[in-house]
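Keep the viewer open as you read.

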Amino acid sequence: MNTTVTYDIEVIKEEALQLVKKGLINRQQPIYTLCKYIPHRDWVNFELELEKNEFLLRDRIIDLLNHESWEDDYGCI
């Protein structure tokens, strides 16, 4: 059975955020770094969703993480 996953931009952003939090990738790497973590058969749909939302593969991961919240040392937002 060969099923291809459809990626929504919010799913892509969440996937990138989780990989950053795990320390597998960093915010300054290009988006194409994500290809190591996406099944090859799904990459075309992944890339099309990025293009549809005006992201380039050479853009940085941080561009996908526009809604991160940061806390200071005291736990306040």
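A residue is called buried when its relative accessible area is under 20% and exposed when that value is over 50%, with partly exposed covering what lies in between. Bear in mind that the model is a predicted one. Because Glu10 and Lys13 are 3 residues apart in helix H1, about one helical turn separates them.

How many salt bridges does a search of the whole structure find? There are 2. The other one to look at joins Lys52 and Glu49, with the closest N and O atoms 3.1 Å apart. This pair sits in helix H2, where Lys52 and Glu49 are again 3 residues apart, about one turn of the helix. Lys52 is exposed, at 61% relative accessibility, while Glu49 is buried, with a relative accessible area of 8%.

Stay with helix H2 for a moment. Its buried residues are Trp43, Phe46, Glu49 and Leu50. If you look down the axis of H2, these buried residues fall within an arc of 125°, so they line one face of the helix. Turn to the other side of H2 and you will find Val44 and Lys52 exposed. Helix H1 is included in what covers the buried residues of H2. Beyond the end of H2 comes Glu54, which has a positive phi, near 65°.

Now for the aromatic residues. The whole structure contains 2 aromatic pairs. In one of them, the ring centres of Tyr7 and Phe46 are 5.1 Å apart and the planes stand at 85°, so the pair is edge-to-face. Since Tyr7 belongs to the segment before H1 and Phe46 to helix H2, this pair ties together parts that are 39 residues apart in sequence. Tyr7 and Phe46 are both buried.

What arrangement do the rings of Trp43 and Phe46 adopt? Their centres are 4.9 Å apart and their planes meet at 25°, so this pair is stacked. Trp43 and Phe46 are 3 residues apart in helix H2, so about one helical turn lies between them. Trp43, like Phe46, is buried. Taken together, the ring pairs link Tyr7, Trp43 and Phe46 into a cluster.

Phe46 also leads us to the largest nonpolar core, which has 18 residues. Along with Ile12, Ile31, Leu34, Leu50, Ile61 and Leu64, Phe46 is one of the residues that touch the most other members of this core. Two or more residues are given to the core by helix H1 (9-21) and by helix H2 (43-52). The largest share comes from H1, with 6 residues.

To end the walk, select Leu34 and display its surroundings. Which residues does Leu34 touch, leaving aside those up to four places away in sequence? They are Ala16, Leu19, Ile25, Trp43, Phe46, Ile61 and Leu64.

Conventions:
Residues are numbered from 1 along each chain as its sequence is written. This is a predicted model: local features need pLDDT of at least 70, side-chain atom pairs count only at pLDDT 80 or more; totals for chains, interfaces and linings use all residues. Side-chain values use heavy atoms; hydrogens and water are left out. A nonpolar core is a set of buried Ala, Val, Leu, Ile, Met, Phe, Trp, Tyr and Cys residues joined through side-chain atoms within 4.5 Å. Buried means under 20% relative accessible area, exposed over 50%, partly exposed in between (1.4 Å probe, protein chains only). Helices (H or I, at least four residues) and strands (E, at least two) are DSSP runs, numbered from the N terminus. Contact means heavy atoms within 4.5 Å. A salt bridge is a side-chain nitrogen of Lys or Arg within 4 Å of a carboxyl oxygen of Asp or Glu. Rings of Phe, Tyr and Trp (its six-membered ring) pair if their centres lie within 6.5 Å; planes under 30 degrees apart count as stacked, over 60 as edge-to-face and the rest as tilted. The arc is that of the directions from the helix axis to the C-beta atoms.
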